[in-house]
Amino acid sequence: MFALHAGSHRLSLARPLVMGIVNATPDSFSDGGRCLDSQAAIRHALKLFEDGAAILDVGGESTRPGAAAVPAAEEMRRVLPVIGALAGRGCVVSVDTRKPEVMRAALDAGAVMVNDVTALRAPGALEAVAASDAAVCLMHMQGEPQTMQHAPAYVDVLEEVKRFLQGRADACEAAGIGRERLVIDPGFGFGKALEHNLALLAHLDRLAELGLPVLAGLSRKSMLGTLTGRAVEEREFAGVAAHLAAVARGARLVRVHNVAAMRDALAIWNAVEEQQDGT
Ligand code: HH2
């Protein structure tokens, strides 16, 4: 079974892990503005840690459809104090960024994982991670956040996403980032219509065939609203169901806003799995 290498941490993936979302942004799609000052973000993150988050994912730039780009200096101002404080308390911290200069500064501040929605495609990003011993989450996105939901189109969404992630994993390995540091993610909602998101979720086991741990991030996303008719702040139950569907198809990490709800769901899931393994 996998263990993810993230700096000096070895995170067992024998059971699915929860990554808690910490958005230090004014404009994230579901919780923008909630954690704008560092102290509020740190308090929120520590609550997620107590609730059972194995990894805290700190972001300073929203990637919701249509989001405005944020200059690197502003992104660093938002995330670095939060990362430093959480790492200092022994938490496993990931930085959610696509900018190499933010990656480097975050890794210096104590982050041990880079979560990049562009899968280290920015010039210098592969090198920034290769120069560290951090883990990295490689996510698929079609297009750019500004326009990605205008007309997402695929011939075979599963094959295309799988081929892309395989290519990025190969690029990481060639740059000296070992496979034990890699996580892959289909990027639910990133240049995908409902049919694409559903196909990826239903067949997530096809991505797991790449032999790398798969992360699923569906928390509060519009796909859940489309299927339930619920507003963004009312999608917790739908999110838990969607993440369990992902875990049933091989996801080893789930990225969520409500860690306590997911932890409870996984406690039941794990108990049933252990019973099955033992009988
Ligand atoms: N989704 C979001 C942001 N980062 N990273 C990964 N690996 N996978 C995801 O599905 C993913 C991600 C969007 O969610 P959120 O952070 O809540 O919103 P925003 O980008 O508006 O801050």
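**Briefing: a ligand site and a loop**

Ala-119 sits in the loop that runs between strand S6 (113–116) and helix H4 (125–130); helices (H or I, at least four residues) and strands (E, at least two) are DSSP runs, numbered from the N terminus. Keep in mind that this is a predicted model, where local features need pLDDT of at least 70, side-chain atom pairs count only at pLDDT 80 or more, and totals for chains, interfaces and linings use all residues. Residues are numbered from 1 along each chain as its sequence is written, and side-chain values use heavy atoms, with hydrogens and water left out.

- Ala-119 has a positive phi of about 55°, although it is not a glycine.
- Ala-119 is also buried, at a relative accessible area of 0% (buried means under 20%, exposed over 50%, partly exposed in between, with a 1.4 Å probe and protein chains only).
- Leu-120 is in the loop between S6 and H4 too, and its phi is positive as well, at about 60°, though it is not a glycine.
- Leu-120 is buried, with a relative accessible area of 1%.

**Around the ligand**

- The ligand is surrounded by 18 residues (a residue is near if one of its heavy atoms lies within 4 Å).
- Ser-28, Ser-62, Asn-115, Asp-185 and Lys-221 are the closest of them.
- Sorted by class, this shell holds 6 nonpolar, 7 polar and 5 charged residues; Ala, Val, Leu, Ile, Met, Phe, Trp, Tyr, Cys and Pro count as nonpolar, Asp, Glu, Lys and Arg as charged, and the others, Gly among them, as polar.
- As for where the ligand sits, that is the largest pocket (more than half of its atoms lie within 2 Å of the grid points; a pocket is an open set of points on a 1 Å grid over the protein atoms alone, where a 1.4 Å probe fits, with protein on both sides within 12 Å along at least five of seven lines).

- A polar contact is a pair of N or O atoms within 3.5 Å.
- The side chain of Lys-221 puts an N or O atom 2.6 Å from a ligand oxygen.
- Asn-115 has a polar side-chain atom 2.7 Å from a ligand nitrogen.
- For Asn-23, the distance from a side-chain N or O atom to a ligand oxygen is 3.3 Å.
- On its own the ligand has 470 Å² of accessible area, and the protein covers 98% of that (Shrake-Rupley method, 1.4 Å probe).

**Helix H3**

- Val-102 belongs to helix H3 (residues 100–109) and is buried, with a relative accessible area of 0%.
- Val-102 and Val-114 are 12 residues apart in sequence, and their C-alpha atoms are 9.9 Å apart in space.

Terms used: Polar contact = N/O pair within 3.5 Å; in protein donor to acceptor, adjacent residues only side chain to side chain. 1 Å grid on protein atoms, 1.4 Å probe; cavity = no way out; pocket = protein on both sides within 12 Å on 5 of 7 lines; lining within 4 Å.
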